[in-house]
Amino acid sequence: MNINVNELIIFTLKNSLMITVFVLFMMVIIEYINVQTRNIWSEKLINSPFLQLILAALLGITPGCLGAFTVVSLYTHRMMNLGALVTVMIATSGDESFVMFAMFPGKALLIHLLLFAVAILAGYLVNLFNKSRPLNSPLGFKIHESDYCKCFTIDIIIPQLKRITFERTLLLLFTLVFGLLLGLGIVGSDVWDWERITFMTGTVIMLFVFITVPDHFLHEHLYGHIIKKHLIRIFLWTGGAFIVLYFIQSSMELTNLVENNTWIIFIIAILVGIIPESGPHLVFVTMFSQGLLPFSILFANSIVQDGHGMLPLLAESRKDFIKVKLINMLAAFVVGSMLLLFGV
């Protein structure tokens, strides 16, 4: 097997950079909106199990882990039930959602719509049969005024730029360099198609956000949360997934191994979903994007995996963590195997 190392490095870096920047753009927008609308709706949920399922599913299909974190917080404070928790975790695909929308937006939208439906059905069945009591914790939780951030105040923009912080400098420099590379056609599409226009629009929006938000929001929410906790890992895992994919495509033996052992790969995809972490699942996303996996396997993996949205629950209740994972694995196996049997 002949391997062109330079070709592999350039291909991996370019594709990993484009996907990572798209993830950054989506995360910045979601974080921006999330901070501005924190908890204004939670009080209406306690007495409406159906509303809990709908909202949990909507939060779940929102790319990233913020929706899952929100529902876990509401569950641990007895403001959502177990059915809603199962719903959000089935609907959630963690940071892989961003990557799917970057690589195959049409099919990604279909996956998320189907996840929404499966999640609500599973949550309804759990509520129907579950008789266990919620976690023994206080009802509701405090909303701290300091969590609210007024993210656009004209008066502070110039003073902040005069005493610019390391974090703001880094984010602005990275965004400007990426915009330049994109404009010159070094990364991304060679022509000004919808993809290139979308990325350039996202670059401009990120520049606006990075220039205008106050230091607290930029340090705590954008740099501290997105860059340090998400982006580097996504870049490395995406790069690793492309390298694995390169070797699979370059070797007929490996390609045949994947294509001729579909059910084994299907079971592996479900088992990998147990890992409460974004990253390993990108291998399945990348392989599907290149036509090496059927839709059913990626969908089963998407049902059972939830990024690291389950980590806060693991700290609160290991019993509920295991319970939710087992339910999600069952849902993934039932739905995924039906799709696989029908050749989907």
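1. At 38% relative accessibility, Phe-333 counts as partly exposed, whereas Phe-266, at 0%, is buried. Buried means under 20% relative accessible area, exposed over 50%, and partly exposed in between (1.4 Å probe, protein chains only).

2. The model is predicted: local features need pLDDT of at least 70, side-chain atom pairs count only at pLDDT 80 or more, and totals for chains, interfaces and linings use all residues. Residues are numbered from 1 along each chain as its sequence is written, and side-chain values use heavy atoms, with hydrogens and water left out.

3. The whole structure holds six aromatic pairs. Rings of Phe, Tyr and Trp (its six-membered ring) pair if their centres lie within 6.5 Å; planes under 30 degrees apart count as stacked, over 60 as edge-to-face and the rest as tilted. In one of the pairs, the ring centres of Phe-104 and Phe-288 are 5.1 Å apart and the planes stand at 70°, so this pair is edge-to-face. Phe-104 and Phe-288 are both buried. Phe-266 and Phe-333 form a tilted pair, with 6.0 Å between centres and 40° between planes. Phe-266 lies in helix H12 and Phe-333 in helix H16, so this pair ties together parts 67 residues apart in sequence. Helices (H or I, at least four residues) are DSSP runs, numbered from the N terminus.

4. One salt bridge is counted, that is, a side-chain nitrogen of Lys or Arg within 4 Å of a carboxyl oxygen of Asp or Glu. Lys-323 and Asp-320 form this bridge at 3.8 Å, N to O. Lys-323 is partly exposed at 23% relative accessibility, while Asp-320 is buried at 6%.

Notes:
Helix = DSSP H or I, 4+ residues; strand = E, 2+ residues; numbered from the N terminus.
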